[in-house]
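Thank you for making time for this at the end of the meeting.

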Protein chains: 2
Amino acid sequence: MTDRPALLLDLDGTLIDSVYQHAIAWHKALELGGIKLSVWRIHRRIGMSGGLLADSLARETGHELSEKEAAKLKRAHARLFAAQVRDVRPLPGALDLVRHLTKMRVAWAVATSGALASARPLLKLVNLPPGVPVITRDDVAHAKPNPDLWIAAAARLGVPIESAIAVGDSVWDLLAARRARALGVGLLSGGYGEDELERAGAYRVYADPADLLSHIDELGIRAD
Amino acid sequence: MTDRPALLLDLDGTLIDSVYQHAIAWHKALELGGIKLSVWRIHRRIGMSGGLLADSLARETGHELSEKEAAKLKRAHARLFAAQVRDVRPLPGALDLVRHLTKMRVAWAVATSGALASARPLLKLVNLPPGVPVITRDDVAHAKPNPDLWIAAAARLGVPIESAIAVGDSVWDLLAARRARALGVGLLSGGYGEDELERAGAYRVYADPADLLSHIDELGIRAD
């Protein structure tokens, strides 16, 4: 497998330009729940499991969230994000990358900390070919930064996680990749700085899917 | 003047938590004008003069903006931002910082790349005391990264710009400070990474107004 690494792709901020709408939706949801937080602090948590995100943000304000409150928060976020989904677009190169990987017969999958219900309209935007595995929050016990999502994606492809390359825009994607013993590749398209991604262990950093595609040889991704 | 530096403060992302709403508003405005750009690329231009921002983003997509198109874009952005202004809050510590500076009789002013019409509702959110100068886009020939706004703010206070400290959340604030020969202090509250602000010349970087206030001695800001 060492000559043909599999590619595991995050969704929000990696294939889809949705991180800023997620940050705004969480900001409103938290405020409705009585938790006041700056949007940039929320932005830096996007890509984490929704439960961890809500817990960690509540803790920052000295709040303890009950399970009921956390569930309510997640529902409010899902509703407020859905209200903005018509403004959400695929990132530059996302469709080309999807086509290219499929054409080259690279083993690849999508792994997202989001629930399937939130991910479904986004997956439509990139014309996901049939047969590409999609692992969501609903398939694993713990989302990122736990390694479960990347590990489940590699398992679904039948490839060893150690030879897979996990691509994401957030620090949590890269920390999860390190925990999973995959190589992590960072994209700037979620709005993190290059330095933040490198410090979280990124093997390489590209601007967005278009930039990754035009440098895909650097990762040793070859046609079948 | 060396023992009592004046403080020149940016508005969006520095006193007010409005950068993400600005990014979303520009994203929609640009799309209405036929220009498709990722939100993170727009985010990295917030704090620039609106004209430069529109020009630079249009250029990225191979578009040449006519003066009329640029004016239309700026109007669309102002309208779309105004529609979100009810969700915009002061940043943590912004009101405390304003009170503290006024109580300490520090010479201070606000200098923003935004127009007065967009800035007015935001200035209300921080209870700006009467007598604090506010320099907006309407007062200068060129907004940031040109040095005009910081220079005009220092002039209004009657202090030499070389002894002033200019505080902002964007790379453009810091580049403008260097061009003006002021010291630039960066805040993370606009969503840039620490490294990006340091590489743009930040003398110090704090999280937000609250963090700046609790470290204000580091800047040698003393009571009268």
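Let me start at Ala111(A), whose bridge partner in strand β5 of chain A is Ile135(A), and please keep in mind throughout that what you see is a predicted model. That bridge belongs to the pairing of β4(A) with β5(A), residues 134-135, where the two strands run in the parallel sense over two bridges. On the other pairing I want to show, strand β1 of chain A, residues 7-9, is joined to β4(A) by three bridges, and these strands also run parallel. Within that pairing, Leu7(A) stands opposite Trp108(A), and Leu8(A) stands opposite Ala109(A).

Now, which way do the residues of β4(A) point? Trp108(A) and Val110(A) point one way from this strand, which covers residues 108-111, while Ala109(A) and Ala111(A) point the other way, and all of them are buried. If you follow the chain onward, β4(A), α6(A) and β5(A) together make a right-handed β-α-β unit.

Stepping back to the whole sheet of chain A, you can trace six strands in the order β5-β4-β1-β6-β7-β8, forming an open sheet with parallel pairing. The edges are taken by β5 and by β8, residues 204-206, of chain A, and each of these has a single partner strand, so one side of each is left without a neighbour in the sheet.

Let me turn to the domains of chain A. The domain assignment gives domain 1 as 7-17 + 89-219 and domain 2 as 19-86, and the centres of these two domains of chain A, taken over C-alpha atoms, are separated by 22 Å. Where they meet, 17 residues of domain 1 of chain A are in contact with 11 residues of domain 2 of chain A. On the domain 1 side of this contact in chain A, α6 (116-125) and α8 (171-180) each supply at least two residues, and the residues of that side divide into four nonpolar, eight polar and five charged.

Chain B is the next stop, and I will begin with its sheet. Here an open sheet of six strands has the order β5-β4-β1-β6-β7-β8, with parallel pairing, and its edge strands are β5 and β8 (204-206) of chain B, each of which pairs on one side only. In strand β4 of chain B, residues 108-111, Trp108(B) and Val110(B) point one way and Ala109(B) and Ala111(B) the other, and all are buried. Strand β1 of chain B, residues 7-9, pairs with β4(B) in the parallel sense over three bridges, and Leu8(B) has Ala109(B) as its bridge partner there. Two bridges join β4(B) to strand β5 of chain B, residues 134-135, again in parallel, with Val110(B) partnered by Val134(B) and Ala111(B) standing opposite Ile135(B). Between those two strands the chain crosses from β4(B) through helix α6 of chain B, residues 116-125, to β5(B), and this β-α-β crossover is right-handed.

Finally, let us look at how the two chains meet. In this contact, 21 residues of chain B touch 21 residues of chain A. On the chain B side, α1, α2 and α9 (194-199) each supply at least two residues, and the largest share, four residues, comes from α1(B). By class, the side of chain B that touches chain A has nine nonpolar, six polar and six charged residues.

Terms used. Residues numbered from 1 in each chain as written. Chains lettered and ligands numbered in written order. Predicted model: local features only at pLDDT ≥ 70, side-chain atom pairs only at ≥ 80, totals over all residues. Domains from an automatic or database assignment. Contact = placed C-beta atoms within 7 Å. Nonpolar A, V, L, I, M, F, W, Y, C, P; charged D, E, K, R; others polar. Buried ≥ 20, exposed ≤ 12 C-beta atoms within 10 Å, placed from the backbone. Pairing = 2+ DSSP bridges. Right-handed = clockwise from strand over helix to strand, strands pointing away.
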